[in-house]
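Hi there,

Here is the structure I promised to pass on, with some notes below it. Have a look at it first, then read on.

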Amino acid sequence: MLGVYKLPTELFFGCGASRHAGEKLKELGARKVFVVCDPGIKQAGLLEGITTSLKEAGLEYTVYEDIKPEPTSDIIEEGTEHLGKSGCDVVLGVGGGSALDCAKAFAAMVTNEGRITDYTGLGKLKNKPLPIVAVPTTAGTGSEATMFTVITDAQTKMKAPVGSYMLMPVLAILDPELTVGLPPHLTASTGMDALTHAVESYVNVNSHYISEALSLQAIKLIARSLRKAVAKGTNLKAREDMLLASTIAALAFNSTRLGLVHAMSQPAGAHFGIPHGLSNAILLPHVMEYNLMGNPEKFAEIAALFGEPTAGLPVMAAAAKAVKAVKELMADIGIVEGLGAFGVREEHLGMLADEALTSGNVPLNPRQPSKGDIIEIYKKAL
Ligand SMILES: [Fe+2]
């Protein structure tokens with residue numbers, strides 16, 4: 001079988017890495033930098049080290065903060081217009097998944113005609129975007145190392161992922177110090193997003209030798225450090241584990257894509273405003289339970305990474321321990337709600353299942369679900 005693993009992104013990581021942003025951007029030949037961040041980032045003082053280093057490197061910059069969580073196509077149009085007028089030659093995204101996805105979308109739409117939703121799908125962008133540099137301040141989405149930007153269509157309210165290798169950042173700066181202020185509930189939900197990426201990539205039909213190694217390492221880091229990062233945000237070692245795990249999981253799923261959790265999570269998030277990490281977390285153990293028989297050996301390995309005793313057990317019993325481990329992790333980090341807490345009711349499940357079935361992640365899942373199966377899984381997650 002032929003395979004390819006493409007990584008055009010330089011990863012620069014470690015405590016204090018973001019204070020070297022200026023010199024790294026200068027290496028890239030940047031002159032004027034369009035900094036994209038959500039308003040909270042500046043207030044939290046997370047931009048200071050970065051902007052100081054830009055100044056020290058003699059780079060001009062402008063800061064654009066007008067973005068929102070779960071960005072819509074309208075927000076992309078506004079930001080693209082600002083970028084176009086700014087004369088900037090590099091886009092630097094600083095923040096969570098929304099800021100990074102906006103940075104990618106602005107960089108792409110300033111060089112491509114039309115609206116971002118014209119490019120929904122894989123490989124549809126025509127022209128090379130401006131160079132993108134990503135500095136994540138959460139450990140979850142992995143957008144800093146993927147070819148995707150997920151934008152919500154302002155008209156249809158549906159999430160529209162745009163994927164292209166041209167959207168991969170040229171540089172990702174991974175500085176655990178930027179994540180220490182993330183409150184426990186966001187540490188928990190974003191961390192569960194990273195875990196979902198690693199698990200869905202590991203068990204899906206596209207997994208391969210390289211992605212598997214990455215998924216396993218990400219799961220191992222999350223199993224040992226998500227509780228610690230939630231328990232004490234200033235635990236830098238735990239923060240480092242989580243930030244690197246998030247990026248490593250992204251390096252896995254960027255190549256394999258995901259599975260049924262993401263397929264089901266996207267419509268639930270778009271219609272009921274459930275944050276992405278949280279809707280994934282709520283669905284993950286139920287989808288794992290459903291998927292067990294599709295790839296039991298791999299679920300048994302996941303259980304072992306969580307420290308579950310699996311030796312001597314029949315493979316399905318060992319695999320089931322992965323579900324138990326994830327449920328216990330969620331209880332410990334305080335994710336106890338179901339989809340019902342966000343207004344999802346039984347009468348919505350048919351519509352959500354129809355939308356979930358349109359996702360390109362469904363055929364990659366280790367078990368092929370029917371609409372009825374998906375409705376049953378949603379019901380368990382209510
Ligand atoms: Fe995700």
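**Strands, cavities and cysteines**

Strand S6 (residues 132-136) runs parallel to S9 and is joined to it by two bridges. Strands here are DSSP E runs of at least two residues and helices are H or I runs of at least four, both numbered from the N terminus; two strands pair if DSSP finds at least two bridges between them. Before I go further: this is a predicted model, where local features need pLDDT of at least 70 and side-chain atom pairs count only at pLDDT 80 or more, while totals for chains, interfaces and linings use all residues. Residues are numbered from 1 along each chain as its sequence is written, and side-chain values use heavy atoms, with hydrogens and water left out.

Back to S9. Valine 133 stands opposite leucine 171 in S9. S9 also pairs with strand S1 (residues 10-13), in the parallel sense over four bridges, and there leucine 11 has alanine 172 as its bridge partner. Strand S9 (residues 171-174) is covered on both faces, with Leu171 and Ile173 buried on one side and Ala172 and Leu174 buried on the other. Buried means under 20% relative accessible area, exposed over 50%, and partly exposed in between (1.4 Å probe, protein chains only).

There is also an open sheet of three strands with mixed pairing, in the order S5-S8-S7. Strand S5 (121-122) and strand S7 (148-152) are at its edges with a single partner strand each, so one side of each has no neighbour in the sheet. S5 pairs with strand S8 (residues 159-163) in the parallel sense over two bridges, and glycine 121 stands opposite valine 162 in S8.

Next, the cavities. A cavity is a set of points on a 1 Å grid over the protein atoms alone where a 1.4 Å probe fits but cannot get out; lining residues have an atom within 4 Å of a point. Of the 13 residues lining the largest cavity, Val199, Glu200, Val203, Val287 and Asn291 are the closest to its centre. Helix H6 (184-203) and helix H10 (276-291) each give two or more residues to that lining.

Last, the cysteines. The structure holds zero disulfides (pairs of cysteine sulfur atoms within 2.5 Å). For cysteine 37, the nearest cysteine sulfur, that of cysteine 102, is 11 Å away. Cysteine 37 is buried at 0% relative accessibility, whereas cysteine 15 is partly exposed at 42%.

Best wishes

Notes. On a 1 Å grid over the protein atoms alone, a cavity is a set of points where a 1.4 Å probe fits but cannot get out, and a pocket is an open set with protein on both sides within 12 Å along at least five of seven lines; lining residues have an atom within 4 Å of a point.
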